[in-house]
Amino acid sequence: MHIIGLVAQYHDSACAIVKDGKVVAASEEERFNRVKHSQGFPELALRYCLEECGVDIEDVEYAGYYFKPAKRLYGVVTSSIANTKTMKGARKSWGFIKRSYTQFKMASAVEDILKENGFKGKLYNIEHHIAHAASSFFVSPFERAAILTADATGETSSTQLALGEDREIKILDEIRQPHSLGYLYAAVTQYLGFKRNSDEYKVMGLAAYGKPTYVDKFRKVIRLVPEGKFEVDTRYFTPPSPPAEIKKISKSFIKLFGPPRDKGEPIDERHADIAASLQYILEETLIHIARHLYSVTGTKNLCLAGGVALNCVANAKILEATEFENIFIQPAANDPGCAIGTAMYIQHSILGRPREYVMVDPYLGPKFSNEQIEDALRSEGVEYERCENIERRAAELIAEGNIVGWFQGRMEWGPRALGNRSILADARRADMKDIVNRRIKMREPFRPFAPAVLREHVDEFFEFSGDSPFMLLAVRVKPDKAKLIPSVVHVDNTARIQTVSEKNNQRFYKLIKHFKEITGVPVVLNTSFNVQGEPIVCTPVDGVRCFKNAGLDYLCIGDYLVWKKK
């Protein structure tokens with residue numbers, strides 16, 4: 001039984017394939033076409049998934065799509081009509097409806113595109129938040145769990161509360177747009193001079209540098225209501241957008257918070273305080289929802305999904321402040337993850353097949369042989385040699401203060417580099433954060449880097465003793481250890497950790513273990529193998545070219561050590 005899941009036509013296109021209940025391959029389209037946040041049909045990702053699974057599209061029985069396009073269009077139209085008050089507003093609403101109809105036609109064409117490529121099976125359109133819920137629960141280790149999904153919007157809802165039991169997902173409640181945490185965070189991201197629907201993680205990083213002095217003002221914008229719900233006051237956003245979709249802040253918001261920051265303008269204390277207040281209100285609202293969800297489900301297990309679930313600071317606060325004891329978030333919690341969600345929903349809820357698969361690692365992308373790698377090295381004209389123990393050599397180079405590109409095995413699924421397409425450096429050096437930011441990533445100095453730590457040593461360095469293999473929890477660093485790994489400790493004394501086990505990534509585990517033998521510290525700095533504005537590298541050629549153009553000292557790719565010509 002083969003099932004493909006598709007995310008297409010809105011943003012962040014992706015494809016996944018499930019064979020007999022197991023996720024065999026998954027990837028975002030941007031990794032192949034090298035266009036960040038690529039939209040449209042995921043042609044290259046689909047081709048990869050089929051090749052990795054060893055199946056022709058003609059032999060795929062089912063496909064799933066992560067929206068119900070007609071329901072999405074209906075939600076836009078009804079919301080636009082209900083919220084239009086003036087003739088000017090009517091013109092704006094009509095423009096939004098026309099754009100939404102164009103999206104509807106593109107989404108409705110997915111089946112035709114599949115058939116043109118030879119697909120003969122049945123396509124299911126899965127409701128967006130159901131796809132999110134399935135993407136987490138059906139690959140989690142839980143037989144029963146509460147499920148909280150939160151993003152900008154689905155067809156009509158922005159937040160959904162559900163209960164997962166074996167092969168079923170039962171919707172308990174929902175919060176409809178324009179009341180949306182995703183839209184609120186995106187709008188304030190844009191207000192702070194960053195790119196909405198892309199740079200929200202920058203605001204999360206900036207928040208640690210500020211104080212939540214604007215929380216009372218934010219409580220005028222969003223308020224908590226009983227039964228785990230919240231309401232957003234749309235007077236603070238451009239009316240009437242329609243307001244099926246909050247896009248920008250309004251004059252009322254500017255009157256309350258002050259002028260917006262222009263892109264490139266220096267970041268001051270006010271900007272940091274607004275970011276801190278936004279982050280505080282997000283955490284407060286999610287905890288409010290999660291506590292209600294616990295009260296109606298009574299389970300200690302929680303699955304999170306949706307773009308909001310990429311906020312690793314808020315995730316940790318939910319675990320800390322509620323009665324949930326176990327949390328699961330799959331690495332592509334944002335929309336690309338719905339590719340897995342749609343396929344698994346068809347597998348378990350529609351076809352009734354039993355659950356056997358648990359996602360224990362994120363390595364679902366392409367891999368390359370040493371022969372393929374050496375061909376790329378020759379074609380790119382770099383200096384290289386083959387190493388008998390590349391893990392040991394990489395650890396030595398990192399301990400000497402070098403910045404190393406690390407390209408191994410299958411590419412990661414999701415927006416985080418988790419040890420197969422990573423840039424690695426010495427977490428012990430206090431200046432390493434600034435060096436990597438300045439020389440390679442060319443990004444804002446306030447943004448933190450993540451530590452990758454051996455699983456068996458996590459509780460020695462962090463106030464956390466569980467698993468965090470997907471880098472989706474920000475936990476406190478133990479005060480006596482913070483001075484040992486200063487380049488991965490954020491200004492608020494937290495770190496977005498990745499726990500590394502030998503079972504799930506043997507080669508990366510060996511590298512960190514060698515580094516511990518050399519330095520006594522089982523932690524390395526880990527960031528994604530890319531430069532600003534580009535997707536994470538996928539192929540050996542991508543890796544070599546990024547190495548040549550960035551300020552990396554060495555590249556460890558497969559069994560080969562690469563250096564730059566003098």
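My entries follow, one topic at a time.

I am working on a predicted model, where local features need pLDDT of at least 70, side-chain atom pairs count only at pLDDT 80 or more, and totals for chains, interfaces and linings use all residues. Residues are numbered from 1 along each chain as its sequence is written, and side-chain values use heavy atoms, with hydrogens and water left out.

Salt bridges. I looked up the total and got 36 salt bridges (a side-chain nitrogen of Lys or Arg within 4 Å of a carboxyl oxygen of Asp or Glu). I picked out Glu 52 with Arg 410, whose closest N and O atoms are 3.8 Å apart. Glu 52 sits in helix 2 (residues 43-53) and Arg 410 in the loop between strand 14 (404-407) and strand 15 (421-425), so the pair ties together parts 358 residues apart in sequence. My helices (H or I, at least four residues) and strands (E, at least two) are DSSP runs, numbered from the N terminus.

I found one cavity of 30 Å³ or more (on a 1 Å grid over the protein atoms alone, a set of points where a 1.4 Å probe fits but cannot get out; lining residues have an atom within 4 Å of a point). The largest cavity has a volume of about 60 Å³, taken as the space filled by probe spheres set on the points, with grid points joined across faces, edges and corners. Its lining includes Leu 148, Leu 286, Val 308 and Asn 315.

Backbone. I noted a cis peptide bond between Gln 177 and Pro 178, with omega about 10°. Pro 178 is in the loop between strand 8 (168-176) and helix 7 (181-191). Asp 166, not a glycine, has a positive phi of about 55°.

Terms used. On a 1 Å grid over the protein atoms alone, a cavity is a set of points where a 1.4 Å probe fits but cannot get out, and a pocket is an open set with protein on both sides within 12 Å along at least five of seven lines; lining residues have an atom within 4 Å of a point.
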